[in-house]
Amino acid sequence: MNYCDDLIDFLNSLDDFFIEVEGRSDRLRDFIDEYNSTTNSHITLYTDGIRLLGDNVDKWGLEFRLYTNERPQPLFGNDFHINRTYRPEYKYRYSNNLLRELLLYNGFHLGHN
């Protein structure tokens, strides 16, 4: 198995997790267009799981995050960090742009899963 397969297996074992994407509106609009055309969805900038930053924020790319209440076993479990600030209902946060492919091609979606 590879890292992606292990992560998919981990997500499939959970009862509750949350996926979000964060970015400025220009970058999010491009992602939303791709997401909607790939998944036949109709998300907008105001869909649960979209974290819209102000246009004056010094962030140029998108950031994909996964929130869970369980931490997988290492090796990739070491990438799940204690979450004290964002989405307090979840204990752990994992930031990785690999989540984009998991969203688009493996049946997961933004927001609560």
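Which residue in β3 does Ile19 stand opposite? I looked this up first, and the residue is Leu66.

**Basis.** I am working from a predicted model, in which local features need pLDDT of at least 70, side-chain atom pairs count only at pLDDT 80 or more, and totals for chains, interfaces and linings use all residues. Residues are numbered from 1 along each chain as its sequence is written, and side-chain values use heavy atoms, with hydrogens and water left out.

**Strand β1.** I took helices (H or I, at least four residues) and strands (E, at least two) as DSSP runs, numbered from the N terminus. Strands pair if DSSP finds at least two bridges between them. I found five bridges from β1 to strand β3 (residues 63-68), and the two run antiparallel. Strand β6 (residues 111-112) is also antiparallel to β1, with two bridges; here Ile19 stands opposite Gly111. Strand β2 (residues 50-53) runs parallel to β1 and is joined to it by four bridges. I noted Arg51 in β2 as the bridge partner of Glu22.

I then checked burial, where buried means under 20% relative accessible area, exposed over 50%, and partly exposed in between (1.4 Å probe, protein chains only). Seven of the seven residues of β1 (residues 18-24) are buried, so the strand is largely enclosed by the rest of the structure.

**Phe76.** I located Phe76 in the loop between β3 and β4 (81-82). Its relative accessibility is 8%, so Phe76 counts as buried. Leaving out residues up to four places away in sequence, Phe76 touches Tyr3, Asp6, Leu7 and Phe10; contact means heavy atoms within 4.5 Å. Tyr3 is 73 residues from Phe76 in sequence, but their C-alpha atoms are 7.4 Å apart.

**Aromatic pairs.** I searched the whole structure and got eight aromatic pairs. Rings of Phe, Tyr and Trp (its six-membered ring) pair if their centres lie within 6.5 Å; planes under 30 degrees apart count as stacked, over 60 as edge-to-face and the rest as tilted. One of the pairs is Phe10 with Phe80, edge-to-face at 5.6 Å centre to centre and 80° between the planes. Phe10 is in helix α1 (residues 3-12) and Phe80 in the loop between β3 and β4, so this pair ties together parts 70 residues apart in sequence. Phe80 is buried, at 1% relative accessible area.

I recorded Phe10, Phe80 and Tyr94 as a cluster linked by ring pairs.
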